[in-house]
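Keep the structure open while you read, and look up each residue as it comes along.

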Amino acid sequence: MLHRSLSRRQFLKTTALTGAGLALVACAPAVAPAAEGQPSGGEKKEVRVMLSSWAVNEVPFDQMAQEFNANHGDIEVKIDSSDDTTKLVAQVASGKVDWSGYGIISPFLDIVANVSSGLIQPMDELISVSTEEGATTLMEDMIPSVRADASYEDKLYIIPYSFENITFNWRNDYFGAAGVSEAPRTWDAWYEAASAIKATSGDAELIPTSFVGALWTDAGALIASALEQPYTSEGLLDWMSEEAIAALEFYRKMVAEELTPPHGFDGWFESFQRGKVASVQAQSSRGVWGQNIHGKDKWTTSVIPTMREGTGSGTVYWGNGLGVVNKAPYPQEVVDFYVFAFGPANTNFQKAVIQSGKTPVYNSSYDQIINVEAEFEAYRWMSGMRDDVTNSLPVPRNTFYLIQHNAYAKRIVEFTDDPTMTAEQCAQLIFDDSMAEIEKQQVQ
Amino acid sequence: MTTMQNVERVPAQQRSAWREFLYQVRTLRSQRWGNLWGYVFVAPALILYLIFQAWPIVRGFYMAFSDYRWIIPETHGWSSFNGLANFREMAQDETFWRSLWIAVKFTLFYVPATLILALFVAVMISKVKNSKLAGFYRVVSYLPVILPVPVAMVVWRSIYHNEFGYLNHFLERVIGIGDPPNWLGSPQWALTAVLIVTVWMSFGQQALLFLIGIYNINIEQYEAAALDGAGGWAQFRHITMPGLKPIFVIVLVLSAGVLGTTVEMMVLFNTGGGPAEAVLTTGLYAFRTAFEVGDMRMGYAAAMSLVLGVISMLLSGIVFRLLRTERA
């Protein structure tokens, strides 16, 4: 007789047999693996690159991967915007890594942490043996100060595809209406221009100038532009210098006379979007955002005004780039991809970067595209940024940025709220807070 | 093959010594462990729990007693054990105490405000006789809970904007307040601003719990009370409130978690803690310490989180103790 249902005993037997079978299958030796990091015969090398999702939306990395894959039959680059750094670090620690490339890395925030934690490896040698077009000129062609920013202990850890620098972004129409036709070059000229806009606009909602609420973009850039050497030997901003005190005083004067939003930056972005900000000291990409929102003819990007014309160390800047993961399965292939995709020879990519409002990192992009091609006339302001950055000092290689930023963000609000606090006291508090936090970072 | 069933079927006096021994062993095992197959079926869930819940707790507990720094691999092992050093540092860390005080202030306002609003909304919805209309109100009150936080915060940033915000526009033009608050920029108002947003985003969940509790109260109690002349307030006080006691326990215990931080704070003010660190709660401070600043001192951050966890457990214990019922 055919039984259609299982008895309890039969069920348990079946379950046990199935479990034992699965266990045996799991214990069976795997097919002979290919050599470490290499695919078995006929398979493509899967080169995975982990990228921040915002970057994938801004820059055509996917398209570059497709082009690279089309030119390299044995390699498949996959752009992965999973942003799963924690998993990547865990993999590096375990020695079995899925990803070969990692980004976006902003050196002033990440390079020390990424190198110290063993997340990324230097790539000088990998570039030197790369056969991709542009590999031989990449290092020489890169703006030297940007290359210095992408390096740590004289080794290149990041290939930047663009740089950000702090600039003065201003509205031609608002400045023109106030009788100002050029970007201010000094703090005094900046103050006068902002005062003129406030006096003449008749629009109570219009903000003559704004900061954006971060150390590097605000007081940090003021101090960097005022001093020949803005950083102390410990790697901090020189808070106790006369120029730093003057920068804080200038900042407060602008806030106190309501030439900026409250505290210098409160709600600046919403006002900016509404077209109610006449100028903003921020990354150059903010000027391009303004052009995209309000029209290309409305915004101009210039170098930041300085304390005294012709002095100082330029501006704060940093590259946006990608690194090679430590213990990556395909370190050479991923560097080949980087060189192919955003090396100096790939003019299509350089053009895409420029058109997205990012400033390119190779001198050839300025000399052969921006300053030459009529189509890129609207981006010639980038040449001024290149010159500014070429003459600027890279930010010290340490983990102190956020420490100083947190101290600054706290104290600048107190400083602009409390008229009895002097600039010297504010600077001292920022310095003391920073040093106290740095003290905590010393391993006992 | 001898089975439990076979042994049981044989009268005790006819069993051999060996069978008797087996019977005793199996009886004992059955009494102590129950059916072993149950363990097999529970195992997958238990393994997942051990890996993803228990192990992180144990690891975090160890980290709290170590000088674990994310960017210094040498500190990741057992050798970085530093005893009570993190807790000694915490005792002298002004930022920690300030952040704890901010967290306590926030919780002291958040818990009653959310509780009262949720209870009020739940009672009001329970009074709506039209079932479709009641459903509509339930959806509306729950909507903020399911709204993605970034989207909600974009809306709230527009509401709070010092120049163009709807709130200040209302205060200025309708109420006639000449100098309305700078909600997100002023250290005096930032905590209030984030408190309003957090209450708005979470009261719907608690209202739903209260509503479930109210719907579970026997309607005959209200009818009997009405016959005895009890008014609405008396019914609420003597029937609804006692009936909702188990729900109060759940709501209060869940609220203990806000002592740390809320995602609203991070989206509205990033992780900087707001203007002059006015909303830097201990949770935010721990996050900053572990994931952003300097060496990324996860050991110290774990110690702060442990202290927060212990405080939350104590609060939960007090709630259970005070509001203990047969059902919760």
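1. Let's start with the salt bridges. Searching the whole structure across all chains turns up 25 of them. The rule is simple: a side-chain nitrogen of Lys or Arg has to sit within 4 Å of a carboxyl oxygen of Asp or Glu. The background is that side chains of opposite charge can pair when their charged atoms come close.

2. Some housekeeping before we go on. This is a predicted model, where local features need pLDDT of at least 70, side-chain atom pairs count only at pLDDT 80 or more, and totals for chains, interfaces and linings use all residues. Residues are numbered from 1 along each chain as its sequence is written, chains are lettered from A and ligands numbered from 1 in the order in which they are written, and side-chain values use heavy atoms, with hydrogens and water left out.

3. Now chain A as a whole. You'll find 20 helices and 10 strands in it; these are DSSP runs numbered from the N terminus, with helices being H or I of at least four residues and strands E of at least two. The C-alpha trace of chain A spans about 100 × 55 × 50 Å along its principal axes. Chain A has 444 residues, and 55% of them count as buried. Buried means under 20% relative accessible area, exposed means over 50%, and partly exposed is in between (1.4 Å probe, protein chains only).

4. How much of the contact in chain A, at a separation of 6 or more, comes from residues 24 or more positions apart? The figure is 76%. Contact here means heavy atoms within 4.5 Å.

5. Take a look at the nonpolar cores, which are sets of buried Ala, Val, Leu, Ile, Met, Phe, Trp, Tyr and Cys residues joined through side-chain atoms within 4.5 Å. The largest has 123 residues, and A:Phe61, A:Tyr161 and A:Phe337 are the ones that touch the most other members. A second, separate core has 69 residues, including A:Leu215 and A:Phe250. As a general point, nonpolar side chains tend to be buried together in soluble globular proteins.

6. A:Glu46 and A:Lys78 pair up with N and O 3.1 Å apart. This pair links distant parts of the chain, from strand 1 (residues 45-50) to strand 2 (residues 75-80), 32 residues apart. A:Glu46 is partly exposed at 33% relative accessibility, and A:Lys78 is partly exposed at 36%.

7. Next, A:Asp173 and A:Arg171 meet in a salt bridge at 2.8 Å, N to O. A:Asp173 counts as partly exposed because its relative accessible area is 29%, while A:Arg171 is buried at 5%.

8. A:Glu414 is partly exposed at 22%, and A:Arg411 is buried at 12%.

9. On to where the two chains meet. The contact uses 34 residues from chain A and 34 residues from chain B. Together the chains bury about 2,800 Å², 57% of it on carbon and sulfur atoms; buried area is the accessible area (1.4 Å probe) that two parts lose on being put together, summed over both. There are 3 salt bridges across this interface. In one salt bridge, B:Asp93 pairs with A:Lys440, the closest N and O atoms being 3.4 Å apart. Which element of chain A gives the most to the side that touches chain B? Helix 19 does, with 8 residues.

10. Finally, two loop residues. A:Gly267 sits in the loop between helix 12 (242-256) and helix 13 (268-273) of chain A, and, leaving out residues up to four places away in sequence, it touches B:His161 and B:Asn162. A:Thr186 lies in the loop between helix 9 (172-177) and helix 10 (187-201) of chain A, and is buried at 16% relative accessible area. Setting aside neighbours within four places in sequence, A:Thr186 is in contact with residues including A:Pro305 and A:Glu309.
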